[in-house]
Amino acid sequence: MADSFLVDYAPIAVFMTIATFVALAAVALSFLLAKHRPDKQKNAPYECGFPPFGDARAKFDVRFYLIAILFIIFDLEIAFLFPWAIVLGDIGWLGFGSMMVFLGVLTVGFIYEWKKGALEWD
Amino acid sequence: MIAGAMFYVFALVLIASAVAVVSVRQPVNAVLFLILCFFNAAGLFLLLGAEFLAFILLIVYVGAVAVLFLFVVMMLDVQGDAPRPPLKRFLPMSLGVGAVLLVQVVVMAVFWPQAQAVISVATDIENTKALGRVLYTDFIYPFQVSGLVLLTAMIGAIALTQRGSRGTKRQNVQAQLDRRAEDVVSLHHVESGKGIL
Amino acid sequence: MRDDLMTIYLLPLFWMLLGIGGILGVVLGGTAYLTYAERKVLGAIQLRKGPNVVGPFGLLQPMADGLKVMFKETIIPSGANVGLFIAAPVFTFLLALSAWAVIPFDAGLVLANINVGILYLLAISSLGVYAIIIAGWASNSKYALLGGLRSAAQMVSYEVSIGLIIVTVLLQAGTLNLSKIVEAQKDGWYIFSILLPMAVLFFASALAETNRSPFDLPEGESELVGGFNTEYSAMIFAMFFLGEYANMILMSAMMTVLFLGGWLPPLAALGFVPGFVWFAMKIVLCLFVFLWVRGTLPRYRYDQLMRIGWKFFLPLSLLWVVVVATVKMVGEAG
């Protein structure tokens, strides 16, 4: 029963396999063809004209985390919107109203974050 | 038959990478194995015919949640060489969580026939549509509650990360656009030898 | 019995492999010549000639570039995580290619006609963030890390509005299948409907999503050296580069499918021209706008970029979801 639509996915799997092979082959070929003469200066990470210092992997602004969290929430909201969008014709005003309440609740959150300055970047 | 074989492939890789998540030393690698877990779980959903759930799992968990994990883990100064905390400290906690999960699985197995009755609605139509037809009307209360949960998460995230204004000067676009030359520039004829004042 | 084997397994397999080969050829060739077109168009905008030495009109320039890149030394920075450092560009390239499996080039001309094609595309584009974060982190270089972070935050922010814009299209089309979305535009492309503002917004978000000018901050040469790919060289750099260009073509294809009526001709009288020609022409038109924008607009500042994404694109597309849904409900009730 479930197999019939799985056939649709078979080309994707084959496609990805071939694409991976093409990508790896290109990289491997370049490794084989090119001359490699690494030295200490050449392999040092880029810095504006002086030897690099410290570890590059420092802590960074908490805003990046906040953006990621807000993204998760909005992504979930969109996940709820997808099935709703394609069946809106079938579920009538109740389904419409239900989603409007849902969006309304999230809009309250959106206004809150706006007012709190969470969307400011400085 | 192929689908049956695929199930074992996905399931075995899923379990193996789940073990790797908790056993590898480098945190970044652990997150990458977690992503592999998500992929295989999506594969399992696909085998069940739940296309929508499979892709939502990828979009939400791999595309968003794991990005956050990666952000956090990459910036920790843990390079995997720190001594491990003793297992004993976490054992009671993890056993407890494991027990709860086990009970849930057992309960699910017991009520499986009833659950199947719900699922069987979705055999002949596209499963995204089947989901949509019941989610917003028949399951309206859980749906609204999930909205409130998201609101809580949003407010919580802001409350935890907001440190108040730091006196940064911000660009006010409207003020810039409203500024007119007549208001701010005045021309003076200054005679030589005398100041403006 | 043998005939069955032929018709059931081997023939579809043959068509599938032919299709895959065709798509790879078209996308890789298109990507190579997009780099050429970009230099020619930018040259024309800036009253220069662009590449004109290698071959007639410089047409062999992409081949020369490919060969050059192939013979360059791959430099792996001393502090890098070698495995992830190489995996990241390969992953970008792989993603940029595999999205094409579900794009309908013509009526029925699609490799994998899955029910949830648009979700597949969204999933693929949300995975693109990984390659960039991992590249930035694995390089263990300050510029690469900063560029990677910025790029990730930017892509993630604009993905929200892309998702909402797609929802407005789905409201009209009522399906997640890309071929059916195109067919739903038989009576009028979505760009000439209530969705016009969303088409504009989608294009702008596509610029941000592919890290193109005027939103090319991640690799803003004057500030961040080269962004997440600062430390990359030779073939693995080319993988990022080709991935970015393949993504540009992909975004143009999405724009075409969602708003410009896919393979449908602009006038019914022009139906004698095959559908994939229309599809290709619409993609080329979108790509030209990509290049035109790059030749015309100055780069945004990072705070402006984030502000326009979260405070303008997001609320507007959310509002449009409500507007389109209301119009649809009222239209069906009346």
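1. Basis. This is a predicted model: local features need pLDDT of at least 70, side-chain atom pairs count only at pLDDT 80 or more, and totals for chains, interfaces and linings use all residues. Residues are numbered from 1 along each chain as its sequence is written, chains are lettered from A in the order in which they are written, and side-chain values use heavy atoms, without hydrogens and water.

2. Fold of chain C. Chain C has eleven helices and zero strands. Helices (H or I, at least four residues) and strands (E, at least two) are DSSP runs, numbered from the N terminus.

3. Dimensions. The C-alpha trace of chain C spans about 65 × 60 × 45 Å along its principal axes. Of its 334 residues, 60% count as buried (under 20% relative accessible area, 1.4 Å probe, protein chains only). C:C286 is one buried residue, with a relative accessible area of 6%.

4. Contacts in chain C. Take contacts (heavy atoms within 4.5 Å) between residues at least 6 apart in sequence: 77% join residues at least 24 apart.

5. Cysteines. The count over all chains is zero disulfides (pairs of cysteine sulfur atoms within 2.5 Å). B:C37 counts as buried, at 8% relative accessibility.

6. Chain B helix. B:V103 is found in helix α4, residues 87–110 of chain B.

Terms used
Buried means under 20% relative accessible area, exposed over 50%, partly exposed in between (1.4 Å probe, protein chains only).
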